[in-house]
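Here is my note on the chain contacts. Please keep the structure open while you read.

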Amino acid sequence: MFIARVTGSVVSTQKVASMTGHKLLVVEPYRLNGETRDELVTTGRTFIAVDTLGAGEDDYVLIVQGSSARLTPETSKLPIDAVIIGIVDSVHIGKQNVYDRE
Amino acid sequence: MFIARVTGSVVSTQKVASMTGHKLLVVEPYRLNGETRDELVTTGRTFIAVDTLGAGEDDYVLIVQGSSARLTPETSKLPIDAVIIGIVDSVHIGKQNVYDRE
Amino acid sequence: MFIARVTGSVVSTQKVASMTGHKLLVVEPYRLNGETRDELVTTGRTFIAVDTLGAGEDDYVLIVQGSSARLTPETSKLPIDAVIIGIVDSVHIGKQNVYDRE
Amino acid sequence: MFIARVTGSVVSTQKVASMTGHKLLVVEPYRLNGETRDELVTTGRTFIAVDTLGAGEDDYVLIVQGSSARLTPETSKLPIDAVIIGIVDSVHIGKQNVYDRE
Amino acid sequence: MFIARVTGSVVSTQKVASMTGHKLLVVEPYRLNGETRDELVTTGRTFIAVDTLGAGEDDYVLIVQGSSARLTPETSKLPIDAVIIGIVDSVHIGKQNVYDRE
């Protein structure tokens with residue numbers, strides 16, 4: 001899994017029928033700042049993930065990729081390869097708190 | 001999933017029998033411009049995806065990869081790892097509309 | 001899927017028993033030249049793929065990766081993650097023909 | 001699989017129900033230093049993996065990705081794509097010991 | 001699949017029970033030297049793969065990744081994502097022999 005920040009959303013009306021009613025969010029994978037090791041920074045990449053948890057913009061979330069994206073009750077038969085499995089409260093590196101949702 | 005722009009097509013006559021009749025499109029993954037954050041820009045990569053939705057050139061589409069590419073009715077038994085699951089109407093980042101099909 | 005050029009072959013006699021008799025080709029993924037947009041260029045990467053179609057050197061082929069490589073009749077039980085599913089006749093970008101097998 | 005160092009942990013209370021009670025660790029993939037070939041160095045990437053072995057910070061661990069992350073007794077039905085399958089005691093390159101847990 | 005050179009091994013005693021007795025090798029993916037096109041060169045990456053064929057250090061091997069790593073008799077139920085499916089005898093690019101185990 002990886003940590004990503006929710007930065008937007010996608011609207012698509014012409015789609016595979018089973019996708020109707022599923023929220024599609026724009027997420028950007030984050031990584032630890034390798035220099036300072038005290039904050040998360042963007043990787044500059046852009047993914048689209050299905051959300052079933054009610055994540056909002058600027059939330060940090062946990063993304064699962066691949067066939068395991070179908071291992072949640074709401075997504076078991078969907079043609080998707082990325083889903084949000086958790087909203088992140090905090091991330092700790094060593095004794096340091098590098099992210100806190102407050 | 002990721003957003004890609006449809007830029008072309010591939011013709012292949014000598015192929016695995018089950019692939020007969022399936023449209024193969026050239027798609028280029030796009031990402032958010034990290035500087036301006038107000039437009040989608042190409043990643044410079046080139047993929048081939050099966051289309052079942054009638055996407056056309058310059059359409060922005062949602063691509064699913066891996067085994068989930070077989071989770072649509074038309075592709076369930078195909079030897080494919082990428083399919084278009086939606087044609088993108090619009091992409092929103094924060095309050096900004098970074099793509100609109102109009 | 002991605003487009004690759006067949007550039008060579010691999011010989012392996014000491015292998016998993018089920019792999020006996022399967023042709024292993026060296027393939028190099030290609031992408032559209034992002035500057036000129038009128039030719040395919042190598043990505044510099046090297047993969048090995050199973051061939052069941054009789055592809056030859058310098059042929060451009062369609063490669064499928066992952067579990068879907070097992071979705072062809074000849075490869076359904078093989079421990080492989082890449083197979084050639086088509087020999088490319090031509091690739092069109094916009095109105096331009098960027099590859100033609102002639 | 002790849003070798004990673006455990007550097008932190010993630011707390012998430014709002015998550016897919018099946019994930020309750022599973023420990024989520026921050027891991028950084030390591031690779032052999034290509035110049036000196038006598039130590040492991042970080043790749044600078046950040047992943048989140050489920051731990052079922054009691055790994056602690058600064059442990060080097062083996063990470064499996066993809067559907068195989070569901071092939072352990074504790075993770076068989078989880079929506080995860082990365083799990084720790086072993087805590088590394090030592091890594092040997094040629095005659096050299098490049099990592100030792102002591 | 002990809003070609004890799006076996007460069008080392010990993011010892012792990014605290015691991016998922018099903019992994020007991022399986023040999024874990026350090027492998028480095030190789031690619032064709034794009035300039036000279038007459039030798040294989042390292043990509044600088046480091047992976048860990050299960051070996052069931054008795055590969056030794058400096059052997060060049062074929063690595064399969066993902067769920068297909070479970071498609072060999074010895075690995076069908078293991079939580080692994082990479083296995084050696086063949087020891088490479090030789091690699092040919094065009095008319096040139098770029099690797100020979102002799």
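**Notes on two interfaces**

1. Start with one pair of residues. A:Lys15 stands opposite B:Gly86, and B:Gly86 belongs to β7(B). The strands behind this pair are β2 of chain A, residues 14–15, and β7(B). They run antiparallel and are joined by 2 bridges. Keep in mind that this is a predicted model.

2. Next, the extent of the contact between chain B and chain A. Chain B brings 27 residues, and chain A brings 31 residues. About 2300 Å² is buried between chain B and chain A. Carbon and sulfur atoms account for 51% of that area. On the side of chain B, look at B:Met1, B:Leu71 and B:Ile85.

3. Which residue of chain A forms a salt bridge with B:Arg37? The partner is A:Glu28, with the closest N and O atoms 2.7 Å apart. The count of salt bridges across the interface of chain B and chain A is 1. Polar contacts are a separate tally: 18 residue pairs between chain B and chain A, with both residues at pLDDT 80 or more.

4. Now the elements on the side of chain B that touches chain A. Those giving two or more residues are β1 (2–11), β3 (23–32), β6 (60–65), β7 (82–87) and β8 (90–93) of chain B. By type, the residues on this side divide into 15 nonpolar, 8 polar and 4 charged.

5. How are the two copies related? Chain B superposes on chain A by a rotation of 72 degrees, with 0.0 Å of shift along the axis. The RMSD is 0.0 Å. That is why the relation can be called that of a five-fold axis. The copies use different surfaces in the contact. Of the contact residues of chain B, 4% recur in chain A.

6. Turn to chain E and chain D. Here 30 residues of chain E are in contact with 27 residues of chain D. The buried area between chain E and chain D is about 2300 Å², and carbon and sulfur atoms give 51% of it. E:Gln14, E:Pro79 and E:Asp81 supply 24% of the area that chain E buries against chain D. That is more than any other three residues supply.

7. How many salt bridges lie between chain E and chain D? The count is 1. In a salt bridge, the side chain of E:Glu28 meets that of D:Arg37, at 2.7 Å from N to O. There are also 18 residue pairs in polar contact across the interface of chain E and chain D, both residues at pLDDT 80 or more.

8. Which elements of chain E give two or more residues to the side that touches chain D? They are β1 (2–11), β2 (14–15), β3 (23–32) and β5 (47–51) of chain E. The most comes from β1(E), with 6 residues. The residues on this side of chain E divide into 14 nonpolar, 9 polar and 7 charged.

9. Last, a strand pairing that involves β1(E). Its partner is β8 of chain D, residues 90–93. The two strands pair in the antiparallel sense, over 4 bridges. To find the place in the model, look for D:Ile93, which stands opposite E:Gly8 in β1(E).

Terms used:
Residues are numbered from 1 along each chain as its sequence is written. Chains are lettered from A and ligands numbered from 1 in the order in which they are written. This is a predicted model: local features need pLDDT of at least 70, side-chain atom pairs count only at pLDDT 80 or more; totals for chains, interfaces and linings use all residues. Side-chain values use heavy atoms; hydrogens and water are left out. Contact means heavy atoms within 4.5 Å. Buried area is the accessible area (1.4 Å probe) that two parts lose on being put together, summed over both. A salt bridge is a side-chain nitrogen of Lys or Arg within 4 Å of a carboxyl oxygen of Asp or Glu. A polar contact is a pair of N or O atoms within 3.5 Å; within protein, one must be able to donate a hydrogen and the other to accept it, and residues adjacent in sequence count only if both atoms are side-chain atoms. Ala, Val, Leu, Ile, Met, Phe, Trp, Tyr, Cys and Pro count as nonpolar, Asp, Glu, Lys and Arg as charged, and the others, Gly among them, as polar. Two strands pair if DSSP finds at least two bridges between them. Copies are superposed by least squares on the C-alpha atoms of residues with pLDDT of at least 70 in both.
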